[in-house]
Amino acid sequence: MASSVSTPCEIEEATIAGLQRRILAGELSSTALIDAYLARIARWDQEGPALRSVLALNPAARARAAELDSAFAAEGRLTGPLHGVAVAVKDNCDTVDMPTTGGALALKGARARSESAVTRKLAGAGAVILAKTNLHEFALSGVTASSLGGQTRNPYDLTRTPGGSSGGSGVAAAMSFATAAIGTDTVNSIRSPASANCLVGLRPTKGLVSRAGIMPVSESQDAVGPITRTVADAARLLDVIAGYDPDDPVTARCLGKIPRAYADCLDRAALKGRRIGVFRTLMGDAPRHREVNAAMAAAARAMRDGGAEIVEVDDPAFDSDALIENFDVQKWEFKRAFEAHLQTLSNGSVRTIDALLASGGYHRESLHDFLTSADGVVAPDRDIDYLQRLAARRRLRDRLLGLMAAHGLDALAYPLQKCLVVPINGGGQIDRNGIVAALTGLPALTVPMGFSAPDASAPIGVPMGMDLLARPFDEPLLLGLGYAFEQITRIRKPPSRDSWPG
């Protein structure tokens, strides 16, 4: 069995299936694979272009890989469906081998007492949890800046943000710093980095994947899911992390709803005969929207070429900015859940939002107003605004399902972001549409749909992503549609490094 990789670039864009074929053939070891990822991180994350996607490396990663190599040598077979797979996880997921900080300087070195459900399942399937990734601090905004990790840069255009809040996971996946990554999504936060980094991102149906051990933002809106370079790899991760967990009671909803294998749902002909609604409401009409609109039009043609019937739909009730303004409940749900999670960490004196504010160890520019507002929420269950929002969300969900039923749609399609991902220091992330799935709890899959025109700072252009949204627990359909679209279009390209420093 080979025990080394000659150059780090050998694992660029590698898939789970491809890597495991090489392991089975004796061409690659798990230890060599980890070393190759570590070499890429060392070369490009803190040095060279200084992408700043990684907050911590797992000191036990090589030992875990060696255990996998020993088990494979002894048994001649893989230890699990993710044997040897290196996964980078957002640093709001509890891990015992590395700190869990939420990106906050005030929580530097904080340790969880136990693994999150998702990292426990991944490790149990043979994966190596390689790194913790930068995020927009506490997953509360969308440009991936934190007081602990600084500003993560988009590898396709170093002047732009990588989306957020799971931007570190997005960059890690885009740069092949790991085989796959895990993000969390309260409004846009898995799918925004997927869109901005030419990746696949899945926000699962509420109740399909356990959120236990995830630093919370909103019980109503939080989700955890995969960020990968291919739809097939997203399906393979979902096969492992989906399922009931008594530590997250909402996952009882998934019983009887999970197929034998999500990977079995990948079908090149999945678009044939499907009715896809292109959601015009979620597209812009300003000059900044033109490139995304052109990419969306090309995506619709590609789906039609794949055998889908494309139906344009419109409903002014789904204006994204209005939905965020009038339906989002993060402010009311954050304090109680967040402070409860702080009690589980060995984080010194920071046990409350008030203590966090007093410490000054947080990303004040983007978070101060929200944290101050959330800290003032005393009794959300008796707050009429909060209760009205919850009721309105239920009506919104019914309206969306009714829209799909009235048009006989299998899924809705729209750009995850109406314009290109914003520049660094350009203010908050704008024009994102992820709120629709976040409010309704429906599953949404982002797939690459194109690049903007190349320019001096973006040698191959800036990536753009399309969201596909379906009914509850229709992940098999979404993965099939996404896979068929991916095979037709072949849009995914790794970042160009020709103009990078170092």
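Leaving aside neighbours within four places in sequence, which residues is Met 466 in contact with? In this predicted model, local features need pLDDT of at least 70 and side-chain atom pairs count only at pLDDT 80 or more, while totals for chains, interfaces and linings use all residues. Residues are numbered from 1 along each chain as its sequence is written, and side-chain values use heavy atoms, with hydrogens and water left out.

With contact taken as heavy atoms within 4.5 Å, the partners of Met 466 are Met 296, Ala 299, Met 303, Ala 413, Tyr 414, Pro 415, Leu 416, Leu 445, Thr 446, Val 447, Met 449 and Phe 485. Met 466 is also, with Leu 122, Ile 182 and Met 303, among the residues with the most contacts inside the largest nonpolar core, which has 111 residues. Such a core is a set of buried Ala, Val, Leu, Ile, Met, Phe, Trp, Tyr and Cys residues joined through side-chain atoms within 4.5 Å; buried means under 20% relative accessible area, with a 1.4 Å probe and protein chains only.

Turning to the rings, Lys 331 places its charged end over the ring of Trp 332, 4.5 Å from the ring centre. Likewise, the charged end of Lys 493 sits over the ring of Phe 451, at 4.7 Å from its centre. The criterion here is NZ of Lys or CZ of Arg within 6 Å of the ring centre and within 35 degrees of the ring normal. Trp 332 itself counts as buried, at 8% relative accessibility, and Tyr 386 is buried with a relative accessible area of 8%.

Technical notes:
Buried < 20%, exposed > 50% of the residue type's maximum accessible area, 1.4 Å probe, protein only.
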